[in-house]
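Let's walk through this model together, going from the overall fold down to single residues. Please keep the viewer open as you read.

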Amino acid sequence: MAHIALSNAPVSGSGAQVRGLFARLTQAIADHRMVGRTYRELDALSTRELDDLGITRGDIARIARESVAGTR
């Protein structure tokens with residue numbers, strides 16, 4: 001059986017560092033969700049619709065990642 005030791009020791013680093021870490025984690029989760037949403041939306045298009053946009057199915061993952069990276 002595993003045991004977890006809890007302590008009242010303060011977290012190392014300042015509160016600002018912890019808040020910064022939390023903010024980066026929150027942003028990473030939001031970015032991941034947006035990439036998934038963009039991917040699903042593009043993947044739902046027909047091949048003809050993708051052709052009209054100049055996109056191949058092989059481009060969808062890259063475009064989804066770049067669309068989120070380009071918003072920052």
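A residue counts as buried here when its relative accessible area is under 20%, as exposed when that value is over 50%, and as partly exposed in between. With that in hand, please bear in mind that the model is a predicted one.

Start with the whole chain. The protein chain holds three helices and zero strands, and from the N terminus on its elements run α-α-α. Of its 72 residues, 12% count as buried.

Now turn to helix H3, which spans residues 60-69. Which residues of helix H3 are buried? They are Ile-60, Ala-64 and Val-68. These residues lie on the same side of H3, because they cover an arc of only 65° around the axis. The general rule behind such a pattern is simple: an α-helix has 3.6 residues a turn, so residues three or four places apart point the same way. And what do the buried residues of H3 pack against? Their partners are H1 and helix H2 (47-53).

Let's look at the pairing of H1 with H3. Two packed helices are described by the angle between their axes and the distance between the axes. For H1 and H3, the angle is about 140° and the axes are 8 Å apart. H1 is therefore oblique to H3, since only angles over 145 degrees would count as roughly antiparallel. The crossing of H1 and H3 is right-handed.

Which residues make this contact? On the H1 side you will find Asp-31, Met-34, Val-35, Thr-38, Tyr-39, Leu-42 and Asp-43; they meet Ile-60, Ala-61, Ile-63, Ala-64, Arg-65, Ser-67 and Val-68 in H3. By type, the residues of the contact of H1 with H3 divide into nine nonpolar, two polar and three charged.

Two members of H1 are worth a visit. Leaving out residues up to four places away in sequence, Thr-38 touches Ala-64 and Ser-67.

The other is Asp-43, in helix H1, which covers residues 15-43. Asp-43 has a relative accessible area of 37%, which means that it is partly exposed. Beyond its neighbours within four places in sequence, Asp-43 is in contact with Arg-57 and Ile-60. Ile-60 is one of the buried residues of H3. Finally, Asp-43 and Ala-61 are 18 residues apart along the chain, and their C-alpha atoms are separated by 9.2 Å.

Definitions and conventions. Residues numbered from 1 in each chain as written. Predicted model: local features only at pLDDT ≥ 70, side-chain atom pairs only at ≥ 80, totals over all residues. Heavy atoms only, no water. Helix = DSSP H or I, 4+ residues; strand = E, 2+ residues; numbered from the N terminus. Buried < 20%, exposed > 50% of the residue type's maximum accessible area, 1.4 Å probe, protein only. Contact = heavy atoms within 4.5 Å. Arc of directions from axis to C-beta. Axes fitted to C-alpha atoms, helices over the stretch in contact; angles between N-to-C directions. Parallel < 35°, antiparallel > 145°, perpendicular 65-115°, else oblique. Left-handed = near helix turned anticlockwise from the far one by under 90°. Nonpolar A, V, L, I, M, F, W, Y, C, P; charged D, E, K, R; others polar.
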